[in-house]
Amino acid sequence: MAEVDEINLEDDNNLKDIIHVSGMYKNWFLDYASYVILERAVPNIYDGLKPVQRRILHSLKELNDGRYHKVANVIGHTMKYHPHGDASIGDAMVQIGQKDLLLDMQGNWGNVSTGDRAAAPRYIEVRLTPFALDVAFNKKITKWNSSYDGRGKEPETLPVKFPLLLAHGVEGIAVGLSTKILPHNFNELIDASVKVLKGVKPKIFPDFLSGGMADFTNYNDGKRGGKVRVRAKIKSVDKNTLHITELPYSTNTSSLINSIIKANDKGKIKIKKIEDNTAENVEILIKLPAGISPDKTIDALYRFTDCEFSISPLSCVISDNQPIFNGVSELLQQSTEHTVNLLTAELEVNLKELQDKWHFSSLERVFIENRIYHSIEELEAWDEIINTIFNELKPFCNHLLRDVTKEDIEKLTEIKIKRITKFDLDRAIKEINNLEKRIKEVEYSLNNITEYAINYFKDLKKKYGADKKRKTEIKIFESIDATKVVVANKKLYVNREEGFIGTSLRKDDFISDCSDIDDIIVIRDNGLMQVVKIDSKVFVGKGIIHAAVFKKKDARTIYNMIYFDGKSGYSMMKRFNVSSITRNRDYVLTRSDTNSKIIYLTSNPNGEAEKITIHLRKVQRLKILKFDYDFADLSIKGKGSVGNILTKNRVRKIELRSEGVSTLSARKIWFDPNVKRLNVEARGDLLGDFAANDRILIINQDGTIGLKSFDISTHFDENMILIEKHNPSKPISAIYFDGKKQNYYVKRFLIESLSQIFLFISDHKDSFLELVSTDWRPQIEVIYKKEKGKERKKEVVSIKDFISIKGAKSFGNRLSPNKINNINLLEPLEYTEEAPDLVDIPLTITNNDDQDNTQTSLEL
């Protein structure tokens with residue numbers, strides 16, 4: 001066994017060499033954390049790039065010759081600057097390429113929509129886009145650092161003259177912090193930068209290449225604590241098919257389909273089949289079983305699948321070698337100011353170059369025009385040559401921008417004799433004048449740098465922004481109540497004797513279909529009511545007389561109840577609704593909870609009030625043993641009300657005399673244009689009071705028309721231009737352009753009943769709806785195209801007088817044979833509803849003499 005030397009702890013030299021593990025951990029961990037934050041995960045505020053992204057772009061610039069390069073070659077070149085292997089470089093390059101801004105790609109670079117990966121680096125090619133070359137590079141104003149091995153130079157930051165950080169967005173996880181900045185629209189960022197330069201504080205919202213819809217109500221400027229709700233775009237093709245055309249940000253078709261299948265397996269939604277036909281554009285078809293509402297299924301997809309989810313942004317960037325947390329408005333402000341500084345630096349470099357060029361051109365002109373070169377023909381000593389030229393130039397130096405240096409004179413001596421012999425004075429003067437003109441332009445730009453920067457941004461938008469329109473639709477989303485859209489995937493049973501309800505009591509009485517997230521309302525014969533969460537088996541108490549799925553905030557379901565009051569001995573009656581409760585709490589519905597008992601109870605989903613016959617027990621001196629009562633005569637009150645006295649005598653039994661009708665008023669329905677949904681909370685525009693058979697008329701910009709129910713879950717097309725309560729007797733007036741006949745047509749028609757949406761204009765690809773009105777007497781102004789030498793002709797047309805009411809599928813009448821420039825809808829003419837036409841009825845009077853009375857009959 002080897003001997004171990006003892007360490008003398010009293011020796012000061014030994015103590016100095018000891019490093020405790022805690023100290024090593026503290027120092028090394030901090031070094032590692034700082035390295036990951038500054039050198040790998042978090043972007044720089046000025047160029048918006050992580051180090052690996054910056055090194056990729058720098059390598060592409062060094063390789064740039066206008067042609068495509070194999071990605072494998074670019075990765076190899078980048079490894080001169082990036083010490084973390086080829087895989088990280090390749091993945092980072094694909095991510096930059098998929099942003100579709102800086103890299104011009106060739107080959108299979110993957111598909112963000114489907115989640116497919118890019119092909120191997122040896123099979124795909126890349127080069128910088130013209131935009132990247134314009135805004136991201138300028139060696140003359142770039143600060144350089146040594147590469148990790150000291151063999152080369154790499155940029156500290158690229159001189160990016162554009163808010164690239166906000167355009168690209170970024171996501172990174174470092175040690176102890178993370179960052180998530182969402183991408184924004186190219187043109188909107190430029191417009192916002194222009195506003196910043198004009199002193200206006202702009203508001204910017206993210207825009208995603210995947211499209212979809214987003215609610216930025218709680219965006220919080222991209223800071224910590226903000227939230228963005230994103231949704232897929234789903235439309236109903238027909239009553240059995242849904243079509244997903246755009247995805248929410250950061251999802252792909254595979255993950256979205258998996259979430260839909262999972263929700264279907266759990267019973268949250270019910271679908272028949274799902275097809276993924278995605279190629280260049282997203283196309284997911286969802287087939288629904290018969291009897292399933294497409295509108296409710298759309299809401300359920302948003303509620304239970306990845307068709308909707310929330311993103312929590314967190315704006316963190318590197319500034320002066322430390323992380324900072326700024327909102328996107330502040331980042332845009334700083335980026336714009338940095339762009340102005342870069343433009344100023346470029347102009348200053350450009351000005352100096354122009355001034356140097358003008359300086360030497362002026363010296364060259366003096367040197368050749370005044371034949372100063374003759375003075376040095378016989379000289380041999382270099383210093384003497386320099387001094388001679390310097391002295392000869394002195395009389396001509398007053399107009400120069402700076403003093404003549406030794407380097408200037410040495411450059412003059414390098415002028416070739418061929419240039420001297422062919423020197424053109426007029427050409428030289430012209431060139432100097434052009435340089436002076438350019439110097440003045442640069443000086444003006446420097447003196448008006450804000451105006452110059454604004455023009456710079458506008459030129460960028462004009463040059464590169466034509467195909468960069470916003471793809472994500474900004475909307476305000478409504479809150480979707482899960483209980484209202486979930487599929488009824490369970491069955492509710494009740495055991496009245498033992499006091500159990502649940503979904504597993506298949507041998508007991510079936511109540512209704514329900515979902516696994518529903519609440520159940522239970523009323524017992526002792527007058528106690530409670531609401532419990534659905535489960536396989538729940539004890540609620542014996543004597544159950546009513547059990548049903550509970551709808552929260554439902555004020556239209558009315559309970560008609562008669563009970564025996566144990567305290568007074570009277571029979572009481574009451575009508576009440578149950579709109580809000582505390583789960584698992586017993587509520588007393590009777591006057592007294594001692595010896596009281598419910599003897600009659602009905603639940604009426606639309607406030608129906610039936611007529612009943614009450615039979616009383618036979619007692620001495622009681623002459624009337626039965627009487628009728630109509631619940632419509634009783635006011636609706638809260639569940640805690642005592643009710644009214646029905647009779648002071650004991651009731652033997654109660655019989656239903658006749659079914660009741662609703663005693664509730666027609667339901668007021670509003671349409672909220674912000675979310676394009678119906679509501680009963682008075683948000684948006686009031687459509688009217690709706691009875692059971694009423695419908696909503698909708699007209700879309702594409703020339704389709706339809707009738708929809710006033711169900712709150714109803715969805716409406718994005719191109720809807722008219723929505724109102726349908727009046728079957730009110731005509732619809734429309735003007736459309738027929739693509740085949742190249743003329744405008746007018747039609748008036750009625751819609752009495754309609755099972756599905758149909759096209760009421762011609763189906764030619766160039767046909768379009770010009771305007772539509774549901775006024776009784778609309779009028780329009782027709783402005784014709786101006787004929788040469790004549791005044792422009794205008795005409796006011798009353799559509800009611802122009803054309804009579806025809807069928808909805810009729811072609812209509814041509815508006816005018818002349819060429820029309822514009823059509824404007826004017827204020828409608830006054831209209832008073834006409835009384836119905838009276839029909840003449842022949843009257844015949846017949847006398848029956850055989851009877852005592854005279855009977856008069858009307859024969860129609």
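Visitor: Which backbone oxygen does the side chain of Lys747 reach at 2.8 Å?

Guide: The structure is a predicted model, and in this model the side chain of Lys747 reaches the backbone oxygen of Ser810 at 2.8 Å. The backbone oxygen of Ala808 is also reached by the Lys747 side chain, at 2.7 Å. Lys747 itself belongs to strand 41, which spans residues 743-749.

Visitor: Is Lys747 buried or exposed, and what is the nearest side chain of opposite charge?

Guide: Lys747 is buried and has no salt bridge. The nearest side chain of opposite charge is that of Asp738, 10 Å away.

Visitor: Why does Arg151 count as exposed, and why does Asp149 count as partly exposed?

Guide: Exposed means a relative accessible area over 50%, buried means under 20%, and partly exposed lies in between. Arg151 is exposed because its relative accessible area is 75%. Asp149 counts as partly exposed because its relative accessibility is 35%.

Visitor: Which residue forms a salt bridge with Arg229?

Guide: The partner of Arg229 is Glu308, and the closest N and O atoms are 2.9 Å apart. This pair links distant parts of the chain: Arg229 is in strand 9 (residues 227-231) and Glu308 is in strand 14 (residues 308-311), 79 residues apart. Arg229 is buried, with a relative accessible area of 18%, and Glu308 is buried as well, at 15%.

Visitor: What parts of the chain does the salt bridge between Asp519 and Arg583 tie together?

Guide: In this salt bridge, the closest N and O atoms of Asp519 and Arg583 are 3.2 Å apart. Asp519 lies in strand 21 (residues 519-524), whereas Arg583 lies in the loop between strand 26 (571-576) and strand 27 (587-588), so the pair ties together parts that are 64 residues apart in sequence. Asp519 counts as buried at 17% relative accessibility, while Arg583 counts as partly exposed at 41%.

Visitor: Turning to the surface, which residues gather in a patch of positive charge?

Guide: The patch brings together Lys484, Lys552, Lys553 and Arg667. Arg667 is found in strand 34 (residues 667-672) and counts as partly exposed, at 32% relative accessibility. Lys553 is placed in the loop between strand 24 (544-550) and strand 25 (558-564), and it counts as exposed at 72% relative accessibility.

Visitor: What is the phi of Lys553, and where does Asn220 lie?

Guide: Lys553 has a positive phi of about 60°, although it is not a glycine. Asn220 likewise has a positive phi of about 60° without being a glycine. Asn220 lies in the loop between strand 8 (213-218) and strand 9, and its relative accessibility of 41% makes it partly exposed.

Notes. Residues numbered from 1 in each chain as written. Predicted model: local features only at pLDDT ≥ 70, side-chain atom pairs only at ≥ 80, totals over all residues. Heavy atoms only, no water. Patch = residues over 30% accessible without salt bridge, like charges linked within 9 Å, V, L, I, M, F, W, Y side chains within 5 Å. Areas by Shrake-Rupley, 256 points an atom, 1.4 Å probe, with all protein chains shown as cover. Salt bridge = Lys/Arg side-chain N within 4 Å of Asp/Glu carboxyl O. Lys, Arg positive; Asp, Glu negative; His and termini not counted. Charge placed at Lys NZ, Arg CZ, Asp CG, Glu CD. Helix = DSSP H or I, 4+ residues; strand = E, 2+ residues; numbered from the N terminus. Buried < 20%, exposed > 50% of the residue type's maximum accessible area, 1.4 Å probe, protein only. Polar contact = N/O pair within 3.5 Å; in protein donor to acceptor, adjacent residues only side chain to side chain.
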